[in-house]
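Here is a friendly note to read alongside the structure. Keep the 3D view open and look for each element as we come to it.

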Amino acid sequence: ETVRLGAATRVGDGADAASVQTVRGDVLARWVFDSRPAPPSRRPVTTLLQHFRGAVVRADPDDLPHLPLLMDFRTPQPDRGLSFGYCLPFAADRALVEYTEFSPAVLDEGAYAAALAGYLDLVLGGAAHEVEHVEQGVIPMTDAAYPRRVGRRLMRTGTSGGATRASTGYTFRTMQRQAAAMAEALVAGRAPVPPRPYPARHRVMDGVLLRALDAHHVAGPDFFMRLFARNPTVRVLDFLDGATRLPADLALMASAPAGAMLRAALEYGMRLGVGRTRPLRGGER
């Protein structure tokens with residue numbers, strides 16, 4: 001049974017139960033899973049934002065793409081980071097069309113409107129269309145470390161528990177995997193600690209890639225197009241979702257620009273070492 005009590009303002013740990021303070025009163029529970037934004041346990045080397053605006057549009061079926069467009073780099077590229085669009089048709093006359101950037105800061109209202117309008121014109125060839133719904137959001141892309149258990153009865157889930165893939169912003173499938181594992185642990189009478197969201201090598205690879213993108217060692221569109229051109233599509237998509245094993249990871253690494261990635265790896269390692277010697281200050285992310 002689901003009981004909705006409004007926004008949680010504070011959680012507290014306990015030996016036998018955790019407490020959640022809400023606008024409608026306090027609640028005690030054996031376990032609490034907290035997905036509210038929270039500071040990391042280790043400062044990041046690099047932090048970018050994946051920010052986007054998309055629209056569900058209705059148009060003549062002849063004017064809409066019949067297949068999904070993913071990471072369409074025909075968009076104008078920002079001075080720092082990268083941008084792309086995608087189009088996901090879900091009916092003969094409807095599609096979700098989205099403009100996305102990986103960059104250090106969000107855009108203003110006018111810039112988002114212009115970027116999405118430009119990509120809609122590109123995808124639809126200037127054809128008439130009706131916008132039925134608009135969505136907008138921001139996803140952190142950071143190599144910071146996030147704890148999954150923060151008390152005897154408190155667990156962190158979602159982005160605040162490290163479920164967001166640093167190099168892609170993908171979160172949903174990892175949350176599903178973690179939820180299934182936690183449910184299995186509860187049924188078996190074990191502590192429902194969320195499993196590690198990604199292998200350690202993937203976290204390192206993500207940190208190196210973020211450093212390469214942020215320091216302009218690689219051009220984002222060229223890097224991703226090279227990965228898709230030199231690897232089976234399924235392998236790349238599995239990697240972006242954090243589901244590849246070591247042989248596939250090595251094949252992907254071999255297809256990346258060696259010099260640029262080596263430079264990024266050295267810089268990442270040096271900055272990571274410095275970051276570990278400096279404690280996080282209050283409020284620092």
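Predicted model: local features only at pLDDT ≥ 70, side-chain atom pairs only at ≥ 80, totals over all residues.

1. Strand 7 (residues 82–91) runs alongside strand 8 (residues 94–103), and the two pair in the antiparallel sense over 9 bridges. In general, strands of a sheet pair through backbone hydrogen bonds, either parallel or antiparallel.

2. Which strands make up the sheet, and in what order? It is an open sheet of 5 strands, ordered 6-7-8-5-9, with antiparallel pairing. Strand 6 (69–72) and strand 9 (129–142) are the edge strands, each pairing on one side only. On average, neighbouring strands of this sheet are turned by 15° against each other, direction ignored.

3. Next, look for the helix that packs on this sheet: helix 1 (residues 109–124). Helix 1 touches strand 5 (47–59), strand 6, strand 7, strand 8 and strand 9. The direction of helix 1 makes about 50° with that of strand 5.

4. Elsewhere on your tour, find helix 3 (residues 200–214) and helix 6 (residues 246–254), which pack at an angle of about 15° with their axes 11 Å apart. Angles under 35 degrees count as roughly parallel, so helix 3 and helix 6 are roughly parallel to each other. Helix 3 passes helix 6 in a left-handed crossing.

5. Who makes that contact? Helix 3 brings Arg201, His202 and Met205, while helix 6 brings Leu246, Asp249 and Met253. Sorted by class, the contact has 3 nonpolar, 1 polar and 2 charged residues.

Methods. Residues numbered from 1 in each chain as written. Heavy atoms only, no water. Axes fitted to C-alpha atoms, helices over the stretch in contact; angles between N-to-C directions. Helix = DSSP H or I, 4+ residues; strand = E, 2+ residues; numbered from the N terminus. Parallel < 35°, antiparallel > 145°, perpendicular 65-115°, else oblique. Left-handed = near helix turned anticlockwise from the far one by under 90°. Contact = heavy atoms within 4.5 Å. Nonpolar A, V, L, I, M, F, W, Y, C, P; charged D, E, K, R; others polar. Pairing = 2+ DSSP bridges.
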